[in-house]
Amino acid sequence: MMGLDSSDNINTPLLLTQSQSHPIKRTGTLWTAVAHIVTGVIGSGVLSLPWSIAQLGWIVGPFSILLIASSTLYSAFLLCNTYRSPNPEYGPHRSASYLDVVNFNLGTGNGRLCGFLVNICIYGFGIAFVITTAISLRAIQISISQHNKENETPSEFADAYYMLIFGIVQIALSQIPNLHDIHWLSVVAAITSFGYCFIGMGLSIMQIIENGYAKGSIEGISTSSGTEKLWLVSQALGDVSFSYPFSTIMMEIQDTLKTPPPENQTMKKASTISVAITTFFYLVCGWAGYAAFGDNTPGNLLTGFGSSKFYWLVGFAHACIVVHLVGSYQVYCQPLFANAENWFRLNFPDSEFVNHTYTLKLPLLPAFKLNFLSLSFRTAYVASTVVIAMIFPYFNQILGVLGSISYWPLTIYFPVTVYLSRSDTDAWTAKWVMLQAFNVFGFVFGLFTLIGCIRGIVTEKLG
């Protein structure tokens, strides 16, 4: 869930509804596109995959990862051909963002719906980042307490304090005008995301060796009833779908590619390579985590190693998560800030509160600019994500809801609808039936996982 050092090129256009001016020279290659996709997809969601496989079992678990990876790749192939119009290889019109594609091919009505869904997902990502950060900070404290043989460990109520600390940091960082000023934060966050993923995989493999055998079963964790198993399966599938937030950054990455060869050809190759790498990574991490813990697989893989003799490595991995999420929060929210503030400035051009910027100079600090709209809106936004995270601090269920909301409309419905609007595919032909079946499958799958994850949140809250 993280962008590369060019994250402002990748993520900023997500919230825009009109084509932007493009750089004169595009220098991206197959391998830079692969790097962007892999780094943009792999993130904290990978830590929930062992829990997902634990609910689904040895056969259905990996199969669900392969199924969602395949559908994501097929969707990417459909989107690759929409970057240029009317010809997918030589058309003069370029769509620099996902919303550009929807607006240009399906009209502003669909564009508004798409924008709303993207904004909801970004807001949800912020909530998930707050929850995950609190879990990691508490895990660090527990690990230190156990190592020092202290009887007192932090309660779950301590999460609220960690969330407040994270919120204060994000309020300060949110006052940075835009992503162009925080390249360094994106670079550090990208590096740390790979760090904690590899540590989690390595510790899981070491745990399997220590156990002497691989835990787990074909049917997954047993439950008290078939109904309870069904809801846990739906939550697990929602978590898996969250692990492939790929479609919404496709156009931004394709817009960086040089020609020849045509961008769509390069992007198809890059998508295939990237999904293969990511899926292999996910399968190994999910398999190793489940094999290490079996029925006791935690919702967040790293929290299962709190008492490990490698506590210092576990603590470092959790610290990497915190650093990663500090950067991720800004990478995803800064575009939303810019879009909202531009809307206010467009509609209230005479408002001093909205438009006037003050320059402040404090002792020992460089001068910085302050706008009251930015200060109030961004502070309120961050505060709202922290408050909701405090009310619903449920890691796996929140990830599942986000994956369920975004999977069908953003990964399947819009790519299929855009493709059909551009092609000469006749109704009820074999190709048309296949695409519509793909669309219906995505809708049913997304609805099933959404209901299960919402039920999980309600059950956890009431329980």
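**The nonpolar surface patch**

Guide: Ile391 is a residue of helix 13; helices (H or I, at least four residues) and strands (E, at least two) are DSSP runs, numbered from the N terminus. This is a predicted model, in which local features need pLDDT of at least 70 and side-chain atom pairs count only at pLDDT 80 or more, while totals for chains, interfaces and linings use all residues. Residues are numbered from 1 along each chain as its sequence is written, and side-chain values use heavy atoms, with hydrogens and water left out.

Ile391 counts as partly exposed because its relative accessibility is 35%; the class lies between buried, under 20% relative accessible area, and exposed, over 50% (1.4 Å probe, protein chains only). Together with Tyr161, Leu164, Val387 and Met390, Ile391 forms a nonpolar surface patch of about 460 Å². Such patches take residues with over 30% relative accessible area and no salt bridge, and join nonpolar side chains (Val, Leu, Ile, Met, Phe, Trp, Tyr) within 5 Å. Areas follow the Shrake-Rupley method with a 1.4 Å probe, and for residues only the protein chains shown count as cover. A salt bridge is a side-chain nitrogen of Lys or Arg within 4 Å of a carboxyl oxygen of Asp or Glu.

At least two residues of the patch come from each of helix 6 (158-174) and helix 13 (372-391). Helix 13 contributes the most, with three residues.

As for confidence, the chain has an average pLDDT of 81, and 86% of the residues score at least 70; pLDDT is the predictor's confidence in each residue, from 0 to 100.

Note on methods. Patches are made of residues with over 30% relative accessible area and no salt bridge: like charges are joined within 9 Å, nonpolar side chains (Val, Leu, Ile, Met, Phe, Trp, Tyr) within 5 Å.
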